Amino acid sequence: HEKGAETPEIHDIALSMEDAGHSVVAIGNDSHVCGLISVGDVVRVESAAAIRALKAAGIVEVTMLTGDNQGTAQAVAAAAGVDTFQAELLPEGKVNAVRALMATHRHVAMVGDGVNDAPAMAEASLGIAMGAIGTDVAIETADIALMSDDLSRIAWLIGHSRRTLFVIQQNIAFALGLKLIFIALAMAGVATLWMAIAADMGASLLVIFNGLRLLRD
C-alpha cells in the first residue's frame, strides 16, 4: 500500500475503538502503522451522583465540553448523566460554547482543571478550578478554586453560598430593626445611654452569633 498510509483494516479497528469510547494512539514508521493503543477514560464513581446533586440544587443544564473524540465523549456523557456534550473542541471552541450557553442562560459556571479550560473559565460568569489537580493557569484564572477534586463539593458550594446570602440578609434586618426600635424609643423620650449601649452591642452580638451558624455546614 502507499507509503505511510493506513490500511482499511487499521482504519476500521481505530473507528471501532473510538465508537467504544476510547481515544486511539497510532504507532508506526515511515512505511506502515505498527499498532494502535486504546486509552479509555474512567468515569469517577461519584460523577453521576454529583450531577444529580447539581440538578437538585437548581442547575438548569449541565454540559460537558471536551477535546476528546465524539465516541469517547458520548460514552462519558452517558455514564455521568450530563444533559448535553460537545466533543473535539479546541480552547477557542470551548470559549464559543460558553458564549452560546450564556446567550441562552445568562449565568454560566465553567468547571475545569487544565490550560485548555482557562479561556472558557475566564469567559464564563463563574470559573471553578479543581485545585488539587488543576494547572496554575486554571487556578489563577478561576474565581473559585476547590481544595479537593470532589465534584460533589460544587453542589455543596452552591447551597452554602445561598445560606450565606440568607444569613447576611438576616443580619442586616436584625441590625436595622434594632436600631429602628431604639430610634422610636428615643423619640418617645424613654431612651437612656445604657439602652443605646445595649442596642449597639446587642446588634453586634446578634450578627456574630447568627453568622456562626454557618460553621455547622
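A crossing of two helices is called left-handed if the near helix is turned anticlockwise from the far one by less than a right angle, and right-handed if clockwise. The model in these views is predicted, so local features need pLDDT of at least 70 and side-chain atom pairs count only at pLDDT 80 or more, while totals for chains, interfaces and linings use all residues. Residues are numbered from 1 along each chain as its sequence is written, and side-chain values use heavy atoms, with hydrogens and water left out.

**View 1. How α2 and α7 cross.**
The crossing of α2 and α7 is left-handed. Helices here are DSSP runs (H or I, at least four residues), strands are E runs of at least two, and both are numbered from the N terminus. The two axes, lines fitted to C-alpha atoms over the stretch in contact, with angles from 0 to 180 degrees between N-to-C directions, come within 8 Å and cross at roughly 20 degrees. That makes α2 roughly parallel to α7 (the label covers angles under 35 degrees).

**View 2. The residues where α2 meets α7.**
From α2, Ala-50, Ala-53 and Leu-54 meet Ser-152, Ile-154, Ala-155 and Ile-158 of α7; contact means heavy atoms within 4.5 Å. Sorted by type, that's 6 nonpolar, 1 polar and no charged (nonpolar: Ala, Val, Leu, Ile, Met, Phe, Trp, Tyr, Cys and Pro; charged: Asp, Glu, Lys and Arg; polar: the others, Gly among them).

**View 3. Ile-158, up close.**
Ile-158 sits in helix α7. Leaving aside residues up to four places away in sequence, Ile-158 touches Leu-54, Ala-57 and Ile-59. Gly-58 is 100 residues from Ile-158 along the chain, yet their C-alpha atoms are separated by 9.3 Å.

**View 4. The largest nonpolar core.**
A nonpolar core is a set of buried Ala, Val, Leu, Ile, Met, Phe, Trp, Tyr and Cys residues joined through side-chain atoms within 4.5 Å; buried means under 20% relative accessible area, exposed over 50%, and partly exposed in between (1.4 Å probe, protein chains only). The largest one has 18 residues, and Leu-54, Met-64, Val-82 and Leu-146 have the most contacts inside it. At least two residues each come from α2 (47-56), α3 (70-80), β6 (126-130) and α7 (152-187).

**View 5. Two loop residues with positive phi.**
Glu-88, in the loop between β4 (84-86) and α4 (91-105), has phi near 55 degrees. Glu-88 is exposed, at 53% relative accessible area. Arg-106, in the loop between α4 and β5 (109-112), has a positive phi of about 70 degrees. Arg-106 also counts as exposed, at 62%.

How values were computed:
Angles under 35 degrees count as roughly parallel, over 145 as roughly antiparallel, 65 to 115 as roughly perpendicular and the rest as oblique.
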